Amino acid sequence: MKKYLKLLRVEQWVKNLFVFVPLFFSGNIKNIDLLSKSIFAFIIFSVAASVVYILNDYNDIEADRQHPEKRRRPLASGAVSKPQALSILSALVIIDIALIFFAQFYFDKMLWKFAAIIGTYFVMNLAYTFKLKHVPIIDIFIIATGFVLRVQAGGYITGIFISQWATLLTFVLALVLAIGKRRGELINAQVSGKTRKALDGYNVQFADIALSISVTLAIICYLMFTLSPEVQAKFHSRVFYTVIFVVFAFLRYLQQTLVYNRTESPTKIVYRDRYIQITLILWVAAFLIQIYFKE
């Protein structure tokens, strides 16, 4: 069972928590109807993401076998055969389509916009898997766009409006994650050799500059988000001070990346770094207080 869960990359489903962003920031987290819709969105997006992961691993079997870490993946290692992977992929596609129809029936609501988001995500990642992941800059923009689609999916299925600042913040935050991952691959490539064609269009100096620019944009976008009239009207004006947690978390991430030269992906840094974890908990707590204890 473990090898199949690894094939689905269940640990990567944490990225799909972005579908809850509209619900969280709207202050409707206690609304059972909207919460159930967001949970459905999370499940449907997670299944779609697993389809993409399997397809990507299937396409990259030979390249993954040359990679020091990716060679342990189920397909590259031979733990899961190609026919098994294709069978699981087909089943997941059918399950995802069935879930969308069931959600439409269960919530008695037309979900064609939500379905279009899922379809766009899948088609975009097909292009990414077979071609665009080898094109520098475009590859990280596609990754960042995937996170925006997650937030949009959460907004469409719940009917919650998503501000322009929230959309832009999601994009640049995802850009930070994508650039950080490429930087780690560049560092590892200096030892084991380059493992993807797109790395030919990057170097560590460029990654450091791009990462700094993206972090700066993310902080500015969050600051503007907290100062936007709709956010100030919805929450207490003190929501502005939550920017302190955001700045600390980003600086800690930059320290881990640029000073200590941590080469693991940003998600792994978040999983392992206690300072970032505590900061995120404090940020969530501060925001919840602003939302649910406004007075």
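## Charges and model

Let's start with charge: the protein carries 32 positive and 17 negative side chains, and the centres of these two sets are 3 Å apart. Lys and Arg count as positive here and Asp and Glu as negative, with His and the chain ends not counted; each charge is placed at NZ of Lys, CZ of Arg, CG of Asp or CD of Glu.

What you are looking at is a predicted model, in which local features need pLDDT of at least 70 and side-chain atom pairs count only at pLDDT 80 or more, while totals for chains, interfaces and linings use all residues. Residues are numbered from 1 along each chain as its sequence is written, and side-chain values use heavy atoms, leaving out hydrogens and water.

## Overall fold

The protein has 14 helices and 0 strands. Both kinds of element are DSSP runs numbered from the N terminus: helices are H or I with at least four residues, strands E with at least two.

The C-alpha trace spans about 60 × 50 × 30 Å along its principal axes.

## Surface and contacts

Contact means heavy atoms within 4.5 Å. Among contacts between residues at least 6 apart in sequence, 72% join residues at least 24 apart.

In soluble globular proteins, nonpolar side chains tend to be buried together. A nonpolar core is a set of buried Ala, Val, Leu, Ile, Met, Phe, Trp, Tyr and Cys residues joined through side-chain atoms within 4.5 Å. The largest has 46 residues, of which I179, Y222, F225, W283 and F287 touch the most other members. Elements giving two or more residues to this core include α8 (138-158), α10 (204-227) and α14 (274-292), while α9 gives the most, with 12 residues. Another core, of 41 residues, lies apart from this one, and F42, I54, L111 and Y121 are among its members.

## A closer look at T242

T242 sits in the loop between α11 (229-234) and α12. With a relative accessible area of 2%, T242 is buried. Leaving aside neighbours within four places in sequence, T242 is in contact with Y222, T226, W283, A286 and F287.

Conventions. Buried < 20%, exposed > 50% of the residue type's maximum accessible area, 1.4 Å probe, protein only.
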